[in-house]
Amino acid sequence: MESTSAETDTCTAAPRAHPRPEGQDRYTISEVAAFTGLTAHTLRWYERIGLMPHVDRSHTGQRRFTNRDLDWLAFVGKLRLTGMPVADMVRYAELLREGEHTFEERQELLEATRRDVKTRIAELQDTLAVLDHKIDFYASARRAPERPCA
């Protein structure tokens, strides 16, 4: 179920449990890297290119991520798995920050990505069928009795 608020429009499909409860959710970049599997370099790059929303900083300038940031990173991970270009992911993040009047454009971007994913799935199913055929061929060839020499 997707919220109608532009501020909470993140991955809402069964997010992973957070390591810390709301209100106690201040993570360092190394903790986020360990939790997400992303490198600190990637997290900094995401922030630099505008893919990460504003990341809070401590009084010493150290990044402090929240559970909401973890949810966003999980969503970005799903977008990466779709093969969505980084530029489109950044555009989606920009639209999200612009507010609710961008719902239609965000939907169109996601629908285009969905079409691409469905095309890739069909291509992979066709590829799987070819592999299955070849595997069956070799399995039956190995089971066939040897032919006597003429």
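Visitor: Which helix is the place of Ile135?

Guide: Ile135 sits in helix α5, residues 103-143, where helices are DSSP runs of H or I with at least four residues, strands are E runs of at least two, and both are numbered from the N terminus. This is a predicted model, in which local features need pLDDT of at least 70 and side-chain atom pairs count only at pLDDT 80 or more, while totals for chains, interfaces and linings use all residues. Residues are numbered from 1 along each chain as its sequence is written, and side-chain values use heavy atoms, with hydrogens and water left out.

Visitor: Is Ile135 buried or exposed?

Guide: Ile135 counts as exposed because its relative accessibility is 53%; exposed means over 50% relative accessible area, buried under 20%, and partly exposed in between, with a 1.4 Å probe and protein chains only.

Visitor: OK, switching to α1. Which residues are buried there?

Guide: In α1, Ile29, Val32 and Ala33 are buried. Seen down the helix axis, the buried residues of α1 fall within an arc of 100 degrees, so they line one face of the helix; the arc is taken from the directions from the helix axis to the C-beta atoms.

Visitor: And what is on the other side of α1?

Guide: Ser30 and Ala34 are exposed on the other side of α1. As background, an α-helix has 3.6 residues a turn, so residues three or four places apart point the same way.

Visitor: What do the buried residues of α1 pack against?

Guide: They pack against α2, β2 (63-64) and α3, with contact meaning heavy atoms within 4.5 Å.

Visitor: Which residues is Ala33 in contact with, leaving aside neighbours within four places in sequence?

Guide: Ala33, which counts as buried because its relative accessibility is 15%, is in contact with Leu38, Thr39, Ala40 and Leu43 once those neighbours are set aside. Ala33 and Leu43 are 10 residues apart in sequence, and their C-alpha atoms are 7.6 Å apart in space.

Visitor: What follows α1?

Guide: Gly37 follows α1, and the phi of Gly37 is positive, near 85 degrees.

Visitor: Now the core: how many residues has the largest nonpolar one?

Guide: The largest nonpolar core has 24 residues, and Leu51 and Trp72 have the most contacts inside it; such a core is a set of buried Ala, Val, Leu, Ile, Met, Phe, Trp, Tyr and Cys residues joined through side-chain atoms within 4.5 Å. The elements giving two or more residues to this core are α1 (29-36), α2 (40-49), α3 (67-82) and α4 (86-98), and α3 gives the largest share, six residues.

Visitor: What does Leu51 touch?

Guide: Not counting residues up to four places away in sequence, Leu51 touches Tyr46, Trp72, Val76, Met89, Val90 and Ala93.
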